[in-house]
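Dear colleague,

Please find the structure below, handed over for your reference.

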Amino acid sequence: MQFVNGRQRVGCDAGFREWAGTGSCVHTEKSQVRLKKTEKGLWVMKHIAIGILGAAALGLVASAASAATLDDVKAKGFIQCGVSTGLAGFSAPDDKGDWQGIDADFCRAVAAAVFGDGTRVKFTPLSAKERFTALQSGEVDILSRNTTWTINRDTALGLNFVGVTYYDGQGFMINAKKLPGVNSALQLSGAAVCVQSGTTTELNLADYFKSNKMEYNPVVFEKLEEVNAAYDAGRCDVYTTDQSGLYGIRLTLGSPADHVVLPEIISKEPLGPAVRQGDDQWYHIVKWTYFALLQAEELGITKANVEEMKTSDNPEIKRVLGQEADTKIGTDLGVSNDWVVNIVKAVGNYGEMFERNVGSGSPLKIARGINALWTKGGLQYAPPIR
Ligand SMILES: N[C@@H](CCC(=O)N[C@@H](CS)C(=O)NCC(=O)O)C(=O)O
């Protein structure tokens, strides 16, 4: 653990360093190469060899970043999906080791679109700091990990967010037994606040306390389990993260009923999947998978009825399910024409995915709220599939 600007913080993993203040960790091989310069003798040959290897490695990264991801994914037979290290409702392994959650299911939906088989996915657990490097380097094909869409990530970090699979906002949780009488975040001046590094959470926290002229003592860790353990052990007064995350984390604490989520939501956290820039076809496949999930819900197409819906008289349902004569609704995208049928068969529509993972069918019991369809007063809206 180090202190940076007087702040307690855990840095990048061994072999990594923070990249230009972005919160992302990058490999430090370059600095290791520089150290080797001090060795005499075989230095020149070694250096040439390192140069060749380095160029090859860069070439690999460049090709990973610019290649047709669809071809790569088809060749290997699965999608590599970057998820969290374990956040209930979004992406967490169950007791059999199967990844559950809305973010894990989203990757299954893309696998169903591409392969007609939602099981063709492998999951890579990533901390907040590791996630962007993993996508940039080609280690994962999709980042589907409660990640907030921001201008910095969409530009400087070279990502393309495909949409917002969950509209969230940052909140605060406290132990009500430890802090009786606290019912607003505005009473938290002077508190020690547990937060994970490499997140928008860390940045919003600073803004919120500054704009309300309050003091706080940030207790920052890289790994989720460290933040959870520190909070559960009473090392901080407050836990801050996306509000959905607070509900999931509360379930894992020693005595969940002692903890309350305060009413303030201090930021916009539009969470969604992202892909690398430079591959429009893959971007479109992932983006339209999200829209297909919404469109299926809007049209009342469910996991249970999708097969019979194929013979519906409704022209829109027929078109979306690829049942029109001479259709190219899927092939124009690079997948089969019944891609939406395959998606819904694998994971259901967006509403089913929501209820099963974070809503009424889950321990989190989160209401649809602004994540309802636009037809029901929410923000979820898909452009036409036609
Ligand atoms: N949405 C925010 C926060 C995302 C985030 O990483 N939150 C933490 C705390 S809930 C988390 O999911 N950690 C899981 C992990 O590191 O595996 C962001 O994109 O920066």
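Strand S12 (residues 170–175) is mostly covered, as 6 of its 6 residues are buried (20 or more other C-beta atoms within 10 Å of the residue's own, with C-beta atoms placed from the backbone). Strands (E, at least two residues) and helices (H or I, at least four) are DSSP runs numbered from the N terminus. This is a predicted model, in which local features need pLDDT of at least 70 and side-chain atom pairs count only at pLDDT 80 or more, while totals for chains, interfaces and linings use all residues. Residues are numbered from 1 along each chain as its sequence is written.

Gln 170, Phe 172 and Ile 174 point one way from S12, and Gly 171, Met 173 and Asn 175 point the other way. S12 runs antiparallel to strand S15 (residues 238–242), joined by 5 bridges (strands pair if DSSP finds at least two bridges between them). Gly 171 has Thr 241 as its bridge partner in S15. With strand S16 (residues 259–261), S12 pairs in the antiparallel sense over 3 bridges, and Met 173 stands opposite Val 261 there.

The ligand is surrounded by 19 residues, the closest being Ser 84, Thr 85, Ala 128, Thr 199 and Gly 245 (C-beta atom, placed from the backbone, within 6 Å of the molecule). Helix H7 (200–211), S15 and strand S17 (269–271) each supply at least two residues of this shell.

Ser 197 lies in the loop between strand S13 (191–196) and H7. Ser 197 is buried because 23 other C-beta atoms lie within 10 Å. Ser 197 and Ala 128 are 69 residues apart in sequence and 7.0 Å apart in space, C-alpha to C-alpha.

With kind regards

Definitions and conventions:
A residue is buried if 20 or more other C-beta atoms lie within 10 Å of its own, exposed if 12 or fewer, and partly exposed in between; C-beta atoms are placed from the backbone.
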